[in-house]
Amino acid sequence: MIESLLVANRGEIARRIIRTGRRLGIRTIAVHSEADAALPFVAEADEAVCVGPANPAQSYRNVEAILDAARSTGAQAIHPGYGFLSENAEFARTVERAGLVWVGPGADAITAMGDKINARNLMAAAGVPVAAGTSEPAADLEAAVTAAAEIGYPVMVKAAAGGGGMGMGVAADETALRTEYDKVRAFAERMFGDRSVLIERYFPRVRHVEVQILGLADGRVVALGERECSVQRRNQKLVEESPSPAVTPELRERFLAAAVRAGEAVGYRNAGTVECLLDPATQEFFFLEMNTRLQVEHPVTEYVYGVDLVEEQLRVASGLAPTFDPDALTPRGHAIELRVNAEDPKRFLPGPGAITTWREPSGPGVRVDAGYVAGNLVTPFYDSLMAKLIVSGATREEAVERARAAVAGFEIVGPKCNLPFFAELLENPEFLSGDYDTGIVSRMR
């Protein structure tokens, strides 16, 4: 097993990784920006190194500073968490060239899945369902118009290098396409340094369902069930649950088989997620993207399958067998995750500030993965996520009931907070029925 681990991230995911590292007897090293010096993850690591000012480009995305921290502390391995450098293939290569262990998939798999057009083509060749769309970038506006006419409106205009719900626009007709094409290209160049866009079929009513995969040290790829991620605002997830209330046993079998094929197609190792769109009317699903990292919502899978995914990542990176029997994966119960963000609960606009009160709920089936405590400052420099509230139960109904009580018992004073939104959602008939789609939040607003 790896003996020392540098966590190249911050907040709740850094604390999460450090917690498992401590349980396994691994020495952990935190890197942090000047703005994050007082956050809990810094104190909880065995060592901590400041890698730069608040600007992520000068700290959490500063490759040289992170590698210097690894060298100076004698770190054996680097875990990137999610976001920042987690899906940067060149960083993965640089880590390995430095003689360190990269706790994640190989750089080639990251590269293959990082370009959405290349990923679509690879998945289609592997027999994974993909929606109608372009097999190469739409070189100019007229090429986009031609492609959209062949696919049929409405269409999605998507940044080829994008991810995480960023760099997308919907066009209901040619006039809208002309506007969205220019808008998405400009955004893609600014955010990703790549103007390439693809055109895909757009589903007006769709569910967002993903499958957790794990590429084992022996070369096998296994699937640890699916997660429902349809409660979203601006294409960004707010709530996830497992199993999906929309997925039947027969559909689950097809989902998991397709996800395993996707992983096998790129020789996948370590944890990853195959994201799909599900048409509830036809029960058809289509590949959306593969996230070559640990997902924010991984705890719901941990509850349902009884595994610690961070431990499994470390075991794969160490060349060890998993703690579970890959041939006897059995889900149990139901789990729901609520992303507690520093944002107003109506328009979801960021609302950073000093935390004067922080009281977490507790009880059977309640877990809080938090990045902050009372007295900390939520700054505007990073994602608004403050904590993840995860609940589990024997049934979905029990999990929902525990979620209601946990939301009511979670007190945060200082920054704006979206807990009131979750209280509203957990009483919403559409959500309670399980028959909802990615438009549920817009219908509530």
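## Aromatic cluster around Tyr60

Tyr60, Phe84, Phe381 and Tyr382 form one aromatic cluster in this predicted model. Rings of Phe, Tyr and Trp (its six-membered ring) pair if their centres lie within 6.5 Å; planes under 30 degrees apart count as stacked, over 60 as edge-to-face and the rest as tilted. The structure holds twelve aromatic pairs. One of these joins Tyr60 and Phe84, whose ring centres are 5.0 Å apart with the planes at 20°, so the pair is stacked. Tyr60 belongs to the loop between strand 3 (47–52) and helix 3 (63–73), and Phe84 to the loop between strand 4 (77–79) and helix 4 (89–97), so the pair ties together parts that are 24 residues apart in sequence. Helices (H or I, at least four residues) and strands (E, at least two) are DSSP runs, numbered from the N terminus.

Tyr60 counts as buried at 1% relative accessibility, whereas Phe84 is partly exposed, with a relative accessible area of 22%. Here buried means under 20% relative accessible area, exposed over 50%, and partly exposed in between (1.4 Å probe, protein chains only). Tyr60 also pairs with Tyr382: the ring centres are 5.6 Å apart and the planes stand at 80°, so the pair is edge-to-face. Tyr382 lies in the loop between strand 18 (377–378) and strand 19 (385–393), so its pair with Tyr60 ties together parts that are 322 residues apart in sequence. Both Tyr60 and Tyr382 are buried.

## Basis of the values

Residues are numbered from 1 along each chain as its sequence is written. Because this is a predicted model, local features need pLDDT of at least 70 and side-chain atom pairs count only at pLDDT 80 or more, while totals for chains, interfaces and linings use all residues; side-chain values use heavy atoms, with hydrogens and water left out.

## Charges over rings

The charged end of Arg207 sits over the ring of Tyr436, 4.7 Å from its centre. Arg396 lies over the face of Phe431, with 4.8 Å to the ring centre.

An open sheet of three strands has the order 7-6-8, and the pairing is antiparallel. Strand 7 (168–171) and strand 8 (197–201) stand at the edges, each with a single partner strand, so one side of each is left without a neighbour in the sheet. Neighbouring strands of this sheet are turned by 25° against each other on average, direction ignored. Two strands pair if DSSP finds at least two bridges between them; strand 6 and strand 8 pair in the antiparallel sense over five bridges. Within strand 8, Leu198 stands opposite Lys158.

Helix 7 packs on the sheet, touching strand 6 and strand 8, and its direction makes about 15° with that of strand 8. Helix 8 (residues 174–192) lies across strand 6, strand 7 and strand 8, running at about 20° to strand 6. Axes are lines fitted to C-alpha atoms, for helices over the stretch in contact, and angles run from 0 to 180 degrees between N-to-C directions.

## Backbone geometry

A cis peptide bond, with omega about 0°, joins Tyr153 and Pro154. Pro154 is placed in the loop between helix 7 (141–151) and strand 6 (155–159). The peptide bond from Ser242 to Pro243 is also cis, with omega near 0°, and Pro243 lies in the loop between strand 11 (236–242) and helix 9 (249–265).

Asn270, a residue other than glycine, has a positive phi near 80°. Asn270 is found in strand 12 (residues 270–279) and counts as buried at 1% relative accessibility. Phe348 likewise has a positive phi, near 60°. Phe348 lies in the loop between strand 14 (334–341) and strand 15 (353–354) and is buried at 4% relative accessibility.

## Surroundings of Asn376

Asn376 lies in the loop between strand 17 (366–370) and strand 18 and counts as buried at 6% relative accessibility. The side chain of Asn376 reaches the backbone oxygen of Ala38 at 3.2 Å, and a polar atom of this side chain lies 2.9 Å from the backbone nitrogen of Val373. Leaving aside neighbours within four places in sequence, Asn376 is in contact (heavy atoms within 4.5 Å) with residues including Ala38, Leu39, Pro40 and Gly371.

Notes:
Lys NZ or Arg CZ within 6 Å of the ring centre and 35° of its normal. Polar contact = N/O pair within 3.5 Å; in protein donor to acceptor, adjacent residues only side chain to side chain.
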